[in-house]
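My notes follow in the order I took them.

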Amino acid sequence: MIYPIKDKEGKPKTLYDIEYADLKQLLSFDEGYYVEYKEAFDENVKRKIPKILCSFANSSGGWLFIGVKDDGSVSGIAEERNDFSQTIEQLVSCRVSPTPIYDCSFVRDPNKDGDGVLIVCVREGYEPPYISEGTVYIRSGSSSKPPEDWFERARDSSVLHALEEKRRVAEGKRLEFYRRSIYYPHYAHPDGRSETSFPMFNVYLHRLIQEKRWIGGGEIDEAREAIEGILSTEKGWEKHVLQETPRSIIVRQGKMNSMDNANNVIEIYRNGSVKAHVPLYLLQNSEKDNALGKLRLLVEINNDHLFSAIDAVISFGNALSCAGIVEKILSTHPFCGKREEYLVGYELENCEGISIYSDNPCYAEYVRDKGIPFFAGSGLKLFDERLRDYIELHGEADIVGLVLGFLFEAMGLPDLTVVHEVRRANMKIIFGVDGEGGSEGQRKGLITD
């Protein structure tokens, strides 16, 4: 994406870094493929805004400056009582499908109260073609005579085919992202004759905006410091290791040991995407026998040789711990963007048929009434959920709540995000308490020193 405004060192300024004095740079930036100027914010311009944003999303992204003349000189517009971002959203949400990713900022004139320039930054779309009122619009930036507008209808079928191919490529990249690339050792059974893969819970946060820029050493140092600052306040993460790869920073809970360890791992990509991998604690030996004995008192079990279970308190506690850290990373880390820029995916590996066990009275009551909860699906996966849609529906996107919601649904419990009473009931079944209750799991963890 092209950035028309630069700082004193020639580095691009992002939308919210632009100051009013910076706008004089637009005098040397011609209107066209990447930039469009509008002098007023009148009804005529408002009718065109959906088409302009549609054309930017179908092309390479771009910038709309409202309050700037065709020659790049600033004229300014009056600040409205209503928030400009709400006005743009009302203009676009029902007229462009799918909704493009964009941000708005009103840059105030320090010398003229109530005046300024409205800037709309539109990202290159990841699911084209974008359609405005039945028409696909693209940018037109090669006219010898400047037109009134710099968007046009896509009449050529080859353009539409190119947009469809662009969508397919983006879908392929997303599917490639939704897989675990971190190594975990196999679990050796006590009989010494067999081994299996650990049951795993993976969370994927795929950032749709792909910044095509080099991240230097100073920014890497800043990123490491941000991670260390987050982990310094997290129980159970006092011991951790940071590893750098060409594409990401990997955070491992505990000490490194590729033979024995099955610890929590969080991976922060340089484009702002995040992955979290949580091994689920499989009951072994006397723990397994003890759980099976208590369950036999509650329900009839015939094929006990097929019984395998995870410790719900430890496993869900670790999932909560990782989700809480991911929440803080998304909110504070310099690599990451706004929640609206992300798709979220979940995956349970090697969990088919595994029971969920917790040693508390609420769990026992649930088992006596409905049976033993277990992961019933085969290859439990849920990909490409838009955080933007979730925010529009619920007002926020709480990663901890989303993670618990998926886990509860996977084990057959109602989704906790609908009613708070349901959330408390589910938490009681797992933890025996109303609140978050993951502290025991966070303390015990799966750390091997």
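The model is a predicted one. I began with D304, which is partly exposed because its relative accessibility is 28%. D304 forms a salt bridge with R296, and their closest N and O atoms are 2.3 Å apart. R296 is also partly exposed, at a relative accessible area of 40%. I then noted a network in which E36, K38 and R139 are joined by salt bridges that share partners.

How many salt bridges does the structure hold? I found 23.

Next I looked up E341 and R207, whose salt bridge has its closest N and O atoms 2.8 Å apart.

I turned to S140, in the loop between β8 and β9. S140 counts as buried, at 16% relative accessibility. Leaving out residues up to four places away in sequence, S140 touches D149, W150, F151 and E152.

Last, I checked helices α6 (312–332) and α9 (399–410), whose axes come within 8 Å and cross at roughly 145°. The crossing is right-handed. Among the residues making the contact are F316, L320 and L330 of α6 and V403, L407 and F408 of α9. I sorted the contact residues into twelve nonpolar, one polar and one charged.

Terms used. Residues are numbered from 1 along each chain as its sequence is written. This is a predicted model: local features need pLDDT of at least 70, side-chain atom pairs count only at pLDDT 80 or more; totals for chains, interfaces and linings use all residues. Side-chain values use heavy atoms; hydrogens and water are left out. Axes are lines fitted to C-alpha atoms, for helices over the stretch in contact, and angles run from 0 to 180 degrees between N-to-C directions. Helices (H or I, at least four residues) and strands (E, at least two) are DSSP runs, numbered from the N terminus. A crossing is left-handed if the near helix is turned anticlockwise from the far one by less than a right angle, and right-handed if clockwise. Contact means heavy atoms within 4.5 Å. Ala, Val, Leu, Ile, Met, Phe, Trp, Tyr, Cys and Pro count as nonpolar, Asp, Glu, Lys and Arg as charged, and the others, Gly among them, as polar. Buried means under 20% relative accessible area, exposed over 50%, partly exposed in between (1.4 Å probe, protein chains only). A salt bridge is a side-chain nitrogen of Lys or Arg within 4 Å of a carboxyl oxygen of Asp or Glu.
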